[in-house]
Structures are given as C-alpha cells and as structure tokens.
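Welcome, and let's take a short walk through this model together. Have the sequence and the 3D view ready as you read.

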Amino acid sequence: MKSRVRALREAQGWSQAQLGERLGVSRQTVNAIETGKYDPSLPLAFRIARAFGGSIESIFLFEDEA
C-alpha cells in the first residue's frame with residue numbers, strides 16, 4: 001500500500017517523532033508506514049487521517065490504484 005504520510009507530515013513541519021506522539025505510536029512505526037514496510041491497523045489509519053484532516057482514502061492507496 002502506498003501512503004502520502006511523509007508528504008503530509010513534511011507539509012505540516014512535523015518530525016516523525018512529533019507525528020508518532022500525536023498518534024500514540026513510535027517514531028519507528030511512523031518511519032515503517034512512510035517507507036511502506038508496515039500497513040497500519042484500521043484504528044491507526046483513522047487516527048492518521050484525523051491528524052491530517054483528511055480521509056483514509058486520500059492518504060492511503062492500494063498499489064494498483066497508485
């Protein structure tokens with residue numbers, strides 16, 4: 001799954017650690033999501049969408065949709 005998390009985080013001026021704090025996860029988890037090594041759970045995906053004021057669909061794309 002592709003994600004726009006890195007671009008959105010950088011646009012906000014947040015570090016990975018700062019985003020992790022907002023989401024209740026580690027910096028390593030944020031890094032893994034950004035690099036595509038980890039697909040977040042549905043509850044975490046909702047928290048990410050809320051943090052950026054968007055929808056899950058606007059942040060995460062299946063590989064065949066990207």
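Let's begin with an annotation. In UniProt, an unreviewed entry carries the annotation "domain: HTH cro/C1-type", which covers residues 5-59. UniProt positions are given here in the numbering of this structure, with feature names shortened, and such annotations may be inferred rather than shown by experiment. What you see is a predicted model, where local features need pLDDT of at least 70 and side-chain atom pairs count only at pLDDT 80 or more, while totals for chains, interfaces and linings use all residues. Residues are numbered from 1 along each chain as its sequence is written, and side-chain values use heavy atoms, with hydrogens and water left out.

Now look at the annotated span itself. Helices here are DSSP runs of H or I with at least four residues, strands are runs of E with at least two, and both are numbered from the N terminus.

Next come the charged side chains. Side chains of opposite charge can pair when their charged atoms come close. How many salt bridges does a search of the whole structure find? The search finds three, a salt bridge being a side-chain nitrogen of Lys or Arg within 4 Å of a carboxyl oxygen of Asp or Glu.

One of them joins the side chains of Arg6 and Glu34, with 3.2 Å from N to O. Arg6 belongs to helix H1 (residues 5-12) and Glu34 to helix H3 (residues 27-34), so this pair ties together parts that are 28 residues apart in sequence. Are these two partners buried or exposed? Arg6 is partly exposed because its relative accessibility is 36%, whereas Glu34, at 11%, counts as buried. The cut-offs are under 20% relative accessible area for buried, over 50% for exposed, and partly exposed in between (1.4 Å probe, protein chains only).

Glu34 also forms a salt bridge with Arg9, their closest N and O atoms being 2.5 Å apart. This pair links distant parts of the chain, with Glu34 in helix H3 and Arg9 in helix H1, 25 residues apart. Arg9 forms a salt bridge with Glu10 too, at 4.0 Å between the closest N and O atoms. Together, Arg6, Arg9, Glu10 and Glu34 are linked in a network of salt bridges.

Finally, stay with Arg9. Its relative accessible area is 8%, so Arg9 is buried. Leaving aside neighbours within four places in sequence, Arg9 is in contact (heavy atoms within 4.5 Å) with residues including Trp14, Leu19, Val30 and Phe52.
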